[in-house]
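Thank you all for making the time. I would like to walk through one structure, and I will give the cut-off behind each term when that term comes up.

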Amino acid sequence: MKRIVTIQDISCVGKCSLTVALPIISAMGIETAVIPTAVLSNHTAFKGFTFLDLTDQINPISDQWQKEGFTFDAIYTGYMGSAEQIEIVSDFIDRFRRENTIVVVDPAMADNGELYKGFTKEFVQSMRVLCSKADVIVPNLTEASFMLDLPFKGDDYSKDEIHKILKNLTSMGSKKSVLTGVSYDKNQLGSAAYDSASGRYYERFNKWYPVKFHGTGDIYASAMTGALVNGMNIDEAIGLAVDYTAECVRCSIEDKEHRWYGVNFESAIPMLVKRLEA
Ligand code: PXL
């Protein structure tokens, strides 16, 4: 069985980061090891939250894992609590990366044109350095704009602009870049990717639902990472992640009692599993 380690916070309520990565990647038939970078009562889009930083646990866990000889087919990082934590996670990648390890970095730090609570320009700079180590990075358009120092233009991007952004993202050092939240018309939403080795671009779309939900970026990145580890190429992986994320949104809209803070990713798991069997 393939094994992924995912390194991100655990928001105890909120359906994001580890509480979606763990079930989604497990459902895809992949063992999922975790390093929680922080424990929050709930994610930071709520008015209040508690935050226990676990930075000082990362190196002891890594030392113990090296003694045990654990290896990983992929290292997938998400929300980080601080620049110091990013440096330690960067060392983790150096210690555990082997020839075929897929390193996926989701620079989860911003959405809708704004940085999440507590993040600064200096943090963005640290995230650029972490992204330079990745095989694949998965920013949304807000995160890409912060990392490339570009104005965020909402839904108003042409295909040429998206291609330029994707290419410039790989100039920071990753082999491939994936952009989420891409739309060229009001009926379709999806993502686009660039492979710097081949110079090829890819894009996949699904229905555009006129609602914004929290946590879709983490769901997308988890499904895409699982798909890559299951042997899909980047085109297939972004296609599966787009379709699964759209299905999560559809299920949430259908559920009249859906909670505002996350999507009904659970109801869409059968679709994800079926697609892997196909
Ligand atoms: O979904 C990204 C995310 C992850 N973790 C925490 C967050 C957020 C977004 O707000 O607050 C703690």
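This is a predicted model: local features need pLDDT of at least 70, side-chain atom pairs count only at pLDDT 80 or more; totals for chains, interfaces and linings use all residues.

Glutamate 247 is found in helix H8, residues 234-254, where helices (H or I, at least four residues) and strands (E, at least two) are DSSP runs, numbered from the N terminus. Residues are numbered from 1 along each chain as its sequence is written, and side-chain values use heavy atoms, with hydrogens and water left out.

Is glutamate 247 buried or exposed? At 19% relative accessibility glutamate 247 counts as buried, since buried means under 20% relative accessible area, exposed over 50%, and partly exposed in between, with a 1.4 Å probe and protein chains only. Not counting residues up to four places away in sequence, glutamate 247 touches Ala268 and Met271, contact here meaning heavy atoms within 4.5 Å. Glutamate 254 also lies in helix H8, but at 53% relative accessibility glutamate 254 counts as exposed.

Let me turn to lysine 15, which is found in the loop between strand E1 (3-13) and helix H1 (18-27). Lysine 15 is buried, with a relative accessible area of 18%, and its phi is near 50 degrees, a positive value in a residue other than glycine. Which side chain does lysine 15 join through a polar contact? The partner is glutamate 266, at 3.2 Å, a polar contact being a pair of N or O atoms within 3.5 Å, where within protein one must be able to donate a hydrogen and the other to accept it, and residues adjacent in sequence count only if both atoms are side-chain atoms. A polar atom of the lysine 15 side chain also lies 3.2 Å from the backbone oxygen of valine 263. Leaving out residues up to four places away in sequence, the residues that lysine 15 touches include Val20, Gly215, Tyr261 and Phe265.

Aspartate 149 has its place in the loop between helix H5 (141-148) and helix H6 (159-171), and aspartate 149 is exposed, with a relative accessible area of 63%. Tyrosine 157 lies in the loop between H5 and H6 too, yet tyrosine 157 is buried, with a relative accessible area of 8%. Leaving aside neighbours within four places in sequence, tyrosine 157 is in contact with Leu141, Ser145, Pro151, Phe152, Ile162, Ile165, Ser183 and Tyr184. A polar atom of the tyrosine 157 side chain lies 2.8 Å from the backbone nitrogen of lysine 153, and the C-alpha atoms of tyrosine 157 and valine 182, 25 residues apart along the chain, are separated by 7.9 Å.

Now the ligand. Which residues surround the ligand? They are Asp9, Ser11, Cys16, Ser17, Leu40, His43, Thr44, Tyr79, Tyr116, His214 and Asp218, a residue being counted if one of its heavy atoms lies within 4 Å of the molecule. A nitrogen atom of the ligand is 2.8 Å from an N or O atom in the side chain of aspartate 9; an oxygen atom of the ligand is 2.8 Å from such an atom in the side chain of aspartate 218, and for histidine 214 the distance from a ligand oxygen to a side-chain N or O atom is 3.3 Å. The protein covers 98% of the 310 Å² of accessible area that the ligand has on its own, with areas taken from the Shrake-Rupley method with a 1.4 Å probe, where for residues only the protein chains shown count as cover.

Finally, the cores. The largest nonpolar core has 43 residues, and those with the most contacts inside it are Val5, Phe92, Leu169 and Leu179; such a core is a set of buried Ala, Val, Leu, Ile, Met, Phe, Trp, Tyr and Cys residues joined through side-chain atoms within 4.5 Å. Helix H3 (residues 83-96) gives the most to this core, with 6 residues. Apart from it lies another core, of 42 residues, among them Ala193, Ile219, Cys248 and Ala268.
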